Amino acid sequence: MNYSAKKQKTFLSGNEAVAWGAVASGVCFASAYPGTPSTEILETLGTFSELEAQWAVNEKVAYEAAFGACLAGRRALTACKQVGLNLAMDPLMTTAYSGVNAGFVVVVADDPGMYSSQNEQDTRRVAPYAKVPLLEPSSPSEAYYFVQEAFKISEQYDVPVLLRLTTRVSHTKESFSVCLGRNIVPDRELERNPKKYVMIPAHARPRHLDLEKRLLALKEFSEKTELNRAELNDRRIGFLVSGVSALYAKEVYPEASFLKLGMTFPFPVKKVREFARKVKKLYVIEELEPFLEEKLKQEGIPVIGKKASWICGELNPQAVKSIVAQKERRLTGLKARRPLLCPGCPHRPAFYVLKKSGVFVAGDIGCYTLGALEPLAALHTQTCMGSSIPFFEGMSKMQKKQKIVAVIGDSTFIHTGINGLISAAYNGAKGLVVIMDNSITAMTGGQQNPATGLTLQGKKTKKLSLEKICLAAGADNVDVVNPFDIEGLQKLFDLRLGQDSLSVIIARYPCRMIERLRGAAMRVNQEKCKKCRQCLVLDCPAIKEVDGVMMINQALCVGCGLCRQVCKFKAISPEGK
Amino acid sequence: MEIGQKTVNILFYGIGGQGVLTAAGICALAAMNDGYHVKESEIKGMSQRGGSVESYVRFGRQVYSPLPLEKDINLLVCLNAEEYPRLKQELKPSGKDLFSYLEKAHIAVGDKKLFLNAYMLGVLSSFLAIREESWMEALNHKIKKDQAENKFFFLMGRKEGSHYDF
């Protein structure tokens with residue numbers, strides 16, 4: 001298909017728009033590990049047959065596979081969430097020196113307000129650190145256009161380009177027109193150029209100097225590009241804005257003057273200085289870090305920024321008003337319903353048994369992190385992907401008072417858990433690792449991974465055996481159990497916890513959101529129920545106490561029977577007898 | 001409801017798994033089909049796990065922000081009674097709260113809870129300057145199962161909403 005001027009009206013999210021823009025740019029390869037709010041970029045790319053779109057085991061691997069495609073002379077893209085880039089920082093820092101062969105774009109979705117993340121790091125700070133250009137679209141229509149610009153910049157300036165989204169850009173949908181078809185860029189040959197692609201010190205030194213030259217050229221580009229656009233209106237008040245904050249400010253002050261930066265690194269100092277001269281008062285509106293504000297202050301350009309309390313959390317139009325009024329952020333006390341493990345979730349029985357065992361659980365990132373919340377409260381650490389097993393190792397070696405158990409999901413284990421297990425085995429760690437295997441990458445909405453044996457497109461592929469890889473890593477024994485057999489699970493936990501060995505228990509049962517396995521819904525026999533509330537400890541969304549009576553919601557219950565197993569008075573059954 | 005230059009703000013909310021986002025998506029598509037510029041902003045992620053879900057639909061000639069100002073909602077569409085208190089204060093004084101229709105919707109659909117949102121969208125449609133065919137097109141596009149029944153309950157809600165004298 002060729003790039004055509006034929007347009008089609010669409011309604012796309014920022015993530016979908018990135019995918020459509022990349023396809024229009026002729027992207028040939030895309031790789032990522034799922035992570036909210038970035039997941040839909042690859043899911044959307046996976047619906048196009050014109051390119052290879054894939055799930056990698058983690059963000060570093062995704063980055064490197066995509067970079068390999070770029071070295072082979074094809075436009076390539078990798079996408080991740082903000083914390084995902086931490087893992088891919090290693091290749092990012094050095095590929096900036098090497099530069100690219102075909103265009104290479106790194107899409108990163110930040111999560112201000114931490115809707116589904118463990119921190120709210122601002123990826124914009126990475127751009128000057130890694131010395132790569134940074135584009136910040138503010139809407140889906142801009143994301144569609146910016147990704148196409150990013151590929152051009154990457155090729156023109158021989159550098160990977162960061163395209164930074166935020167949750168509100170990724171997950172906002174907008175009606176706009178897209179061009180149908182693909183821009184076919186001439187393929188470049190894979191070249192043997194060790195001075196560019198073998199970063200030994202002797203080669204990296206001149207490449208670093210070259211990168212500084214490329215950055216100077218990019219600085220000139222940033223001064224001229226239409227991505228950075230001044231809109232002079234009422235000159236009494238001017239705003240320097242980027243990303244979605246630009247739209248919040250425009251919403252509140254439609255009559256004001258704006259300098260909207262689509263490219264925030266390298267920073268267009270001259271353009272900003274010129275704009276600052278033309279307006280009476282200059283405000284900078286930006287989410288998270290005072291990235292632009294600091295730059296202006298460094299350059300001696302008078303600007304009104306925000307109070308430090310606004311570094312935390314997401315902005316919105318109301319927040320822009322408060323920032324302009326130089327107010328502090330006030331925390332709103334609105335109570336949102338907390339997320340729960342789904343009815344019939346296979347993690348629930350495993351946590352029930354872990355809680356009864358009284359062990360300290362080193363947790364990880366996934367749906368099972370919800371096991372930390374009351375009343376289950378059976379998970380005691382969570383930091384980053386793959387941290388559970390190394391935490392378990394350090395903790396169990398340095399103190400013996402409490403038994404430590406590592407808990408990790410199947411996808412997270414493949415992501416970075418395997419490394420931890422190899423290291424723990426190698427260093428003689430003893431104790432128990434539980435892989436809560438729901439056979440899908442669940443928290444991000446159900447993506448395939450090597451252990452499911454299916455690709456991003458749902459095609460059959462090689463299936464990773466978790467049992468075999470655990471044994472190969474050095475586990476002394478590996479058991480596979482159905483977590484809904486809580487008696488069996490308890491016995492196995494007791495056995496393995498009592499042994500002087502490194503044990504892995506794989507608690508395997510498919511996620512209910514994927515397989516949708518259902519049995520007859522449970523009912524409570526109110527005559528037999530002694531109101532001991534043991535069933536409530538399970539924290540199942542289907543079980544509620546209403547006016548002192550235990551009730552099971554028949555629409556929500558999937559009939560997993562866990563409450564039936566924990567009820568000492570045999571008051572729960574499908575018949576309610 | 002007057003719709004001219006001003007952007008219309010609609011807030012849909014409820015809990016994960018209830019079809020809040022689908023309902024908002026149908027409304028957004030209907031507005032787009034009618035030629036408006038539309039933005040829809042939602043928060044998902046952990047929503048599938050039964051957490052609170054909300055979605056803002058804004059449409060008009062040109063929409064800037066994906067989020068409206070505080071207390072600037074023209075139409076409040078709450079799809080879950082327990083969640084109602086959480087965001088009802090976002091309605092502006094001249095706005096319309098569709099919460100009173102939720103009970104009517106429950107009665108109308110009976111056991112067929114799947115069609116609750118179709119009924120509520122029907123009610124909503126009666127307050128918006130979007131043509132019925134644009135709604136139908138959006139419904140057909142977003143819902144592939146039980147199209148006839150969805151349409152039936154949509155029209156039932158639309159009729160109920162139009163009884164309101166404004």
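**Helix packing and the chain interface**

Author: In this predicted model, the axes of α1(B) and helix α5 (residues 132–142) of chain B come within 8 Å and cross at roughly 135 degrees.

Reader: How are α1(B) and α5(B) oriented to each other, roughly antiparallel or oblique?

Author: Their axes cross at roughly 135 degrees. Only angles over 145 degrees count as roughly antiparallel, and those from 65 to 115 as roughly perpendicular. The relation of α1(B) to α5(B) is therefore oblique.

Reader: Which class supplies six residues to the contact of α1(B) with α5(B)?

Author: On the α1(B) side, the residues involved include Ile26(B), Leu29(B) and Ala30(B); on the α5(B) side, Trp135(B), Ala138(B) and Leu139(B) are among them. Five residues of this contact are polar and two are charged. The class with six residues is nonpolar.

Reader: Which element gives the largest share of the side of chain B that touches chain A?

Author: In all, 28 residues of chain B are in contact with 32 residues of chain A. Both α1 (20–33) and β2 (37–43) of chain B supply at least two residues of that side. The largest share, seven residues, comes from β2(B).

Reader: Which residue of β2(B) is the bridge partner of Lys173(A)?

Author: Strand β8 (residues 172–179) of chain A and β2(B) run antiparallel, joined by three bridges. Within β2(B), the bridge partner of Lys173(A) is Glu40(B).

Terms used:
Residues numbered from 1 in each chain as written. Chains lettered and ligands numbered in written order. Predicted model: local features only at pLDDT ≥ 70, side-chain atom pairs only at ≥ 80, totals over all residues. Contact = placed C-beta atoms within 7 Å. Helix = DSSP H or I, 4+ residues; strand = E, 2+ residues; numbered from the N terminus. Pairing = 2+ DSSP bridges. Axes fitted to C-alpha atoms, helices over the stretch in contact; angles between N-to-C directions. Parallel < 35°, antiparallel > 145°, perpendicular 65-115°, else oblique. Nonpolar A, V, L, I, M, F, W, Y, C, P; charged D, E, K, R; others polar.
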